[in-house]
Amino acid sequence: MGQTPPVHEAAERRDWPAYFDRIEGKPARETMLRALDGFGDVDPSDRGLAVDLGCGSGIDIGVMLERGWRVWGGDGSEDGLSRARARAGCADAIGEGRLELVRMDFGSVEIPRARWVNASFSLPFCPPADWEGLWAKIDGAIKPGGRFSGQFFGDRDDWAILEDRTHLTRSETLGLFDQYILEFFQEEDRASAHQGEAHKHWHVFHVVARKREGSR
Ligand SMILES: C[S@@+](CC[C@H](N)C(=O)[O-])C[C@H]1O[C@@H](n2cnc3c(N)ncnc32)[C@H](O)[C@@H]1O
C-alpha cells in the first residue's frame, strides 16, 4: 500500500489546489487562535480590521469572523480565494461589508492599516527580492497595540535551498520584533516522521507579538 503524499509536498511545488484539498476540514492555526485570545473580550464594534495575508482557502478567516472581526484577506491564488468565498459565513460577511477578499502578490500588495496582521504559513513563500519591502509594509500596517501572528521558516529548514523562498535565522526573526512584545515564540527544529522522498527537516518559528504602544 502506497502512503498518501504529505501535504508539504504540495506546498513545496506551490501546487495550491492540492494543498487546499489536503487541509480541508483542518482546524484554524494555533498562532491565529493565540492572537485572538490575546485581544480578549473586546466589544465587537470596537475590534477594527484584521488582515489575513496569504489567507489561502480561508482556514483562519471563518474563526476571525465568528469572533467579531472585520477581515481583509489577500492571496495570490484565485482557487484559494474562491474556496474562502464558499466557506460558511463568508458570503454573508462579504454582503455585510465585514469581509473583503483580494487577489494580490506579496511583491506589490498594499496592506490596509489594521489592528492585527495574521500570516499563517504564507510568508516563507515570498521571494527573497520582495521580502524586505513586504515586511516593512506588514510592520507599517500594524497599529500600535496591535498584533502580528504567523510563521517564518528558518535557515535549517530543508527548503532553505529553494531560491524562491524566504528563510530567516533565529536572530533575523527576533530582529523583526524590536518594537514588539513577544507573547509567543516557539522554534520547531525537527525531522518529519516521513521516510524517503517525503522526508523533510522542519525549522519553523511560530510567533505572536504585540506592537508596543508609542511605536510607529
Ligand atoms: C502554505 S499556504 C498557507 C495558506 C493559509 N494561510 C493556511 O494557513 O492554510 C501559502 C499561501 O501563500 C500564498 N502565496 C504564495 N506566494 C504568494 C505570493 N507571491 N503572493 C501572494 N500569495 C502567495 C499561496 O497562494 C497560499 O495560499
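## A ligand and the protein around it

A nitrogen atom of the ligand sits 2.8 Å from a polar backbone atom of S120. The ligand has 590 Å² of accessible area on its own, and the protein covers 96% of it. Accessible areas here come from the Shrake-Rupley method with a 1.4 Å probe, and for residues only the protein chains shown count as cover.

Before we go on, keep in mind that this is a predicted model: local features need pLDDT of at least 70, side-chain atom pairs count only at pLDDT 80 or more, and totals for chains, interfaces and linings use all residues. Residues are numbered from 1 along each chain as its sequence is written, and side-chain values use heavy atoms, with hydrogens and water left out.

### Around the ligand

Which residues are closest to the ligand? Of the 20 residues that surround the ligand, the closest are R29, G54, D75, F106 and S120. For R29, an N or O atom of the side chain is 2.8 Å from a ligand oxygen; for D75, a polar side-chain atom lies 2.6 Å from a ligand oxygen.

Q151 lies in strand β5. Helices (H or I, at least four residues) and strands (E, at least two) are DSSP runs, numbered from the N terminus. Is Q151 buried or exposed? Q151 is buried, with a relative accessible area of 2%. Buried means under 20% relative accessible area, exposed means over 50%, and partly exposed is in between (1.4 Å probe, protein chains only).

The side chain of Q151 makes a polar contact with the side chain of T31 at 3.0 Å and reaches the backbone nitrogen of F121 at 3.1 Å. A polar contact is a pair of N or O atoms within 3.5 Å; within protein, one must be able to donate a hydrogen and the other to accept it, and residues adjacent in sequence count only if both atoms are side-chain atoms. Leaving aside neighbours within four places in sequence, Q151 has contacts that include S120, L123, V204 and H206. Contact here means heavy atoms within 4.5 Å.

F121 has something of its own to show. This residue lies in the loop between β4 and α7 and is partly exposed, at 23% relative accessible area. Most residues other than glycine have a negative phi. R14 also has a phi near 55°; R14 is found in the loop between α1 (7-12) and α2.

### The nonpolar cores

A nonpolar core is a set of buried Ala, Val, Leu, Ile, Met, Phe, Trp, Tyr and Cys residues joined through side-chain atoms within 4.5 Å. The largest one has 28 residues, and those with the most contacts inside it are L53, L123, L134, I138, F148 and F152. Two or more residues come from each of β1 (49-53), β4 (114-119), α7 (128-141), β5 (142-154) and β8 (201-211). Which element gives the most to this core? It is α7, with five residues.

L123 lets you see how the parts meet. Leaving aside neighbours within four places in sequence, L123 is in contact with L53, W131, L134, W135, I138, F148, Q151, F152 and T166. Apart from this core lies another, of 22 residues, among them L36, A50, W69 and L99.

### Salt bridges

How many salt bridges are in the whole structure? A search finds 17. A salt bridge is a side-chain nitrogen of Lys or Arg within 4 Å of a carboxyl oxygen of Asp or Glu. The table shows some examples.

| Pair | N to O distance |
|---|---|
| D15 and R13 | 3.5 Å |
| R83 and D79 | 2.8 Å |
| D21 and R83 | 2.9 Å |

R83 and D79 are separated by about one helical turn because they are four residues apart in helix α5. R83 is partly exposed at 23% relative accessibility, and D79 is partly exposed at 29%. R13 is exposed at 52%, while D15 is partly exposed at 28%.

Elsewhere, R156, R170, E187 and D189 are linked in a network of salt bridges.

Conventions. Near = heavy atom within 4 Å.
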